[in-house]
Amino acid sequence: MDDLKEEIAATAARMVVEEGLEYGAAKRRAVKQLGVPPRSGLPDNDQVEAAVEEYISIFCADTQPEELRALRELAVQWMERLESFRPHLGGAVWRGTATRNSDIYLQLFCDDPKSAEIMLIDKGVRFEVRSVPGLQGEMVDALSIHAMCLPLGEHVGVHLLVNDLDDVRGALQPDGRGRARRGNMAAVQRLLESDDANS
């Protein structure tokens, strides 16, 4: 059974890295691709993340650090533009497992849920609105933008998830491994500085 979970995780990891799929979608596609019975136990997200890290170290070690840096720099640009909404970066770009196929996910914390939309409209930024599960499981608006990432030479999805101001404390709870699930602009800038120091 554990071998099967590892196989699902490895197959899902390839889809996450090569196609930019989210973990849940990648696990479902991996089950289908491997012909595994739908009721089989799935690997948890930590197992998939470990498989993603392994895949990157084997197949993308020469390109991934620069791609991650470009995405983090683009995230900081958007965090600066959206500073009044207390943006926090999450997802693969925050965790360090992002490649050029990954999207940027910013959690915004607003007094008025429509204020972020109004600001984007005022600045002439085109976006699409959809509903996604929020930090507490309730549905929240996600404002999706296609932003040009010059170092990558292509557009990247930037998704702004609009939360109530009160939800900011819950957003900072650590994950099961004691790591921060997301970080504010200062935390992302520290990641970029530590990358500079290590390069």
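Reply: The expected span of a helix is 1.5 Å times one less than its number of residues. Helices are DSSP runs of H or I of at least four residues, strands are runs of E of at least two, and both are numbered from the N terminus. The model is predicted, so that local features need pLDDT of at least 70 and side-chain atom pairs count only at pLDDT 80 or more, while totals for chains, interfaces and linings use all residues. Residues are numbered from 1 along each chain as its sequence is written, and side-chain values use heavy atoms, with hydrogens and water left out.

Me: How far apart are the end C-alpha atoms of helix H4?
Reply: Helix H4 covers residues 64–81, which is 18 residues.

Me: Is arginine 69 buried or exposed?
Reply: Arginine 69 is found in helix H4. Buried means under 20% relative accessible area, exposed over 50%, and partly exposed in between, for a 1.4 Å probe and protein chains only. The relative accessible area of arginine 69 is 18%, so this residue is buried.

Me: Which residues are in contact with arginine 69, leaving aside its neighbours within four places in sequence?
Reply: Contact means heavy atoms within 4.5 Å. Arginine 69 is one of the buried residues of H4, a list including Leu68 and Ala70. With its neighbours within four places in sequence left aside, arginine 69 is in contact with Leu192, Asp195 and Asp196.

Me: How are H1 and H2 oriented to each other?
Reply: Axes are lines fitted to C-alpha atoms, for helices over the stretch in contact, and angles run from 0 to 180 degrees between N-to-C directions. Angles under 35 degrees count as roughly parallel, over 145 as roughly antiparallel, 65 to 115 as roughly perpendicular and the rest as oblique. Helix H1 (residues 2–19) and helix H2 (residues 23–34) pack at an angle of about 120 degrees, with their axes 8 Å apart. H1 and H2 are therefore oblique.

Me: What is the handedness of the crossing of H1 and H3?
Reply: The axes of H1 and helix H3 (residues 45–59) come within 8 Å and cross at roughly 60 degrees. A crossing is left-handed if the near helix is turned anticlockwise from the far one by less than a right angle, and right-handed if clockwise. The crossing of H1 and H3 is right-handed.

Me: Which helices do the buried residues of H1 pack against?
Reply: In H1, the buried residues are Ile8, Ala9, Thr11, Ala12, Ala13, Met15, Val16 and Val17. Among the H1 residues that meet H2 are Ile8, Thr11 and Met15. The buried residues of H1 pack against H2 and H3.

Me: What is the phi of the glycine that follows H1?
Reply: The residue after H1 is glycine 20. Its phi is positive, near 75 degrees.
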